[in-house]
Amino acid sequence: MNIHDIAADALRHAKEMEHAECYVIESLTHSAYIDGSRISNVETKIDSGMSVRVAKNNKLGRACVTLNNKDPTEKCVRSAIRVSSFSPKNNMFKGYPLPSRPSVKADVFDKKINDIDERELKSILSSVIGACKAEIPRGSVRLSTIRSVVANSNGLLTEHESTMVYAHFTSMFRGKRNGEGTGSVHGAFLNIDAEHIGEELERKAKASASAIPFKGKETLTMILPPCELGDMIMSSAGSALNGENVFYKRSPWTDMVGKKVASDILTLTDDPNVPGPLCSAFDDEGTPSQKKVLIENGILNGYINDSFIGNSTGNGMRRNSEDAQNIYSSGVTIKPMNMIVRSGRCSCDDMIEQTKNGILVEKFAWPEADPLTGRFGLEVRCGHIIRNGKITDTINNALLMGNMFDALAHIEFIGNDAVNQGCITTPTMSFSGVKLAGN
């Protein structure tokens, strides 16, 4: 059976329930790997599975199964019904989405990814290796084609076809001091600039090797490029905008709609019209996606929701931006499709020139802020110290401390070099008032 027939069959088996939903997905993933600056393996994986959610008397159940199993549809439905029989009542449940027309057209399918062969895949990695004079201990690229269907007992039926690109590399420069670099690619189209990636991996590894331990303590300006900033914004602002966190009063921006939460120069929009790996006309529950201005000139306009929280904004997601395998086993979470920081006019070099005392962070050990408080204390693996508009030193072994919600209120500059980082697209940004401490 095709995925439409599987979804319809699941709903027939679940007709005794008041509410039922079936999510069926199949993916084809081409992967290639680097090990010690050599291409070590190329593989193709086909994955298909389904997730069923049911409800009766406000008792909910969910089950998932791979479609490689024998008679998977009926078994999955029966498992979901069995789970619901043991579940406590949940009076928050309002039912699954009703059929609706899409409000956007998200074209994120690249036929070149669907048709790529082993030779082309190896060519991408060979170009990365050839452009990087440093060692590449590990690297991988994944190119996926994804097809999915959502159907529910309200008569809703949506389908989605997309492609996804994810690549990640580490580099190592070995000399008097060793240095490490990393690089990642997210996207929906096969437009990887392999030579640029290799050159950046070499530059970052050499910069890290030249870093010296930072000594002392000072308050300065923090400049973060997209690769470090994306997770910082998602773990703070992304969490604060999450409707579930707002409902349970976990968000510092609860009851703040219409009020100032950030700098006047910050506008944050979730826009599925701009291609990204998660963009689609419907979310993974079948609710139409929409362009939403979440923060405009520092003022909070609203939050993002799924159908469970209610008043869904089309942000109930199962997919992620890195791996197309086993998506059917994931529960629905509230997630932006493509949260975009509105770009400014200056380049990273312009920011450096206009910074008196600051640090341009090349690499954190792990770029993440506390989702409840916004606080962070992050190890700087490689950073460039700025004095009077010029980079004077490259440092490591330092702790950068601050609060991301405070930082968003004290933005100095927003760059013009926006890059997609999965479910967020952001340029380089600079923030005042963070503390840097050495050993």
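**Cavities**

I looked up the largest cavity first, and its volume is about 60 Å³. The model is predicted: local features need pLDDT of at least 70, side-chain atom pairs count only at pLDDT 80 or more, and totals for chains, interfaces and linings use all residues. Residues are numbered from 1 along each chain as its sequence is written, and side-chain values use heavy atoms, with hydrogens and water left out.

I noted the terms. A cavity is a set of points on a 1 Å grid over the protein atoms alone where a 1.4 Å probe fits but cannot get out, and a lining residue has an atom within 4 Å of a point. Points are joined across faces, edges and corners, and the volume is the space filled by probe spheres set on them.

How many cavities of 30 Å³ or more does the structure hold? I found two.

For the largest cavity, I listed Ser148, Val149, Val150, Thr158, Glu159, His160, Phe282, Asp283 and Asp284 as the lining. Strands S4 (135–152) and S5 (157–173) are the elements that give two or more residues to this lining; strands are DSSP runs of E, at least two residues, numbered from the N terminus. I sorted the lining into three nonpolar, three polar and three charged residues. Nonpolar covers Ala, Val, Leu, Ile, Met, Phe, Trp, Tyr, Cys and Pro; charged covers Asp, Glu, Lys and Arg; the others, Gly among them, are polar.

I then turned to the second largest cavity, with a volume of about 40 Å³. Glu180, Gly181, Thr182, Lys204, Glu362, Lys363 and Cys382 line this cavity. Strand S6 (179–187) gives the largest share of the lining, three residues.

How values were computed: On a 1 Å grid over the protein atoms alone, a cavity is a set of points where a 1.4 Å probe fits but cannot get out, and a pocket is an open set with protein on both sides within 12 Å along at least five of seven lines; lining residues have an atom within 4 Å of a point. Helices (H or I, at least four residues) and strands (E, at least two) are DSSP runs, numbered from the N terminus.
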